[in-house]
Amino acid sequence: MLDIAVVLVAVMLCIALILNLWRLIIGPHVVDRILALDTMYINSIALILLYGIYNQTPLYFEAALLIAMLGFVSSVAFGKYLLRGDIIE
C-alpha cells in the first residue's frame, strides 16, 4: 500500500516539476524564474526523498540534504545579485 502511495506522489511531483520548468522558460520576469527554480529545488528534494523511501535506503537522504544546501546558497546569491548587481563585495 505504501508503494502505491509513493508512486502516486512521485507522479504528482513529476507533473509539478514539468509545470515549474514551463514557468522557468516562459516566466515574464526574472523574479518568476528565480521562484520557479527554487520550487524546482524543493520538488526535486521531495522526489529524491521519495525514491529513498521506495528503495528503503538512507543514502538518498544525504543527497537530498546536499541539494537543499545548494538551493539555499543559490537563492541567497540570486537575491543578492538582484538587489546589488554584484555577488561578491
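Biologist: What share of the 89 residues in the protein chain is buried?
Modeller: Buried residues make up 18% of them; buried means under 20% relative accessible area with a 1.4 Å probe, protein chains only. This is a predicted model, where local features need pLDDT of at least 70, side-chain atom pairs count only at pLDDT 80 or more, and totals for chains, interfaces and linings use all residues. Residues are numbered from 1 along each chain as its sequence is written, and side-chain values use heavy atoms, with hydrogens and water left out.

Biologist: How many helices and strands are there?
Modeller: The protein chain has 3 helices and 0 strands, taken as DSSP runs (H or I, at least four residues, for helices; E, at least two, for strands) numbered from the N terminus.

Biologist: And which residues of H3 are buried?
Modeller: Ala 64, Gly 71 and Ser 74. Helix H2 (30–55) is included in what covers them, by contact, meaning heavy atoms within 4.5 Å.

Biologist: Why does the span of H3 agree with its residue count?
Modeller: Helix H3 (residues 59–84) has 26 residues and should span 38 Å at 1.5 Å a residue; its end C-alpha atoms are 38 Å apart, so the two agree. The expected span is 1.5 Å times one less than the number of residues.

Biologist: What comes just after H3?
Modeller: Gly 85, with a positive phi of about 85°.

Biologist: Turning to the overall shape, what is the radius of gyration?
Modeller: The protein chain has 15 Å, whereas a compact globule of 89 residues would have a value near 12 Å. The radius is taken over C-alpha atoms, and the globule rule is 2.2 Å times the number of residues to the power 0.38.

Definitions and conventions. Buried < 20%, exposed > 50% of the residue type's maximum accessible area, 1.4 Å probe, protein only.
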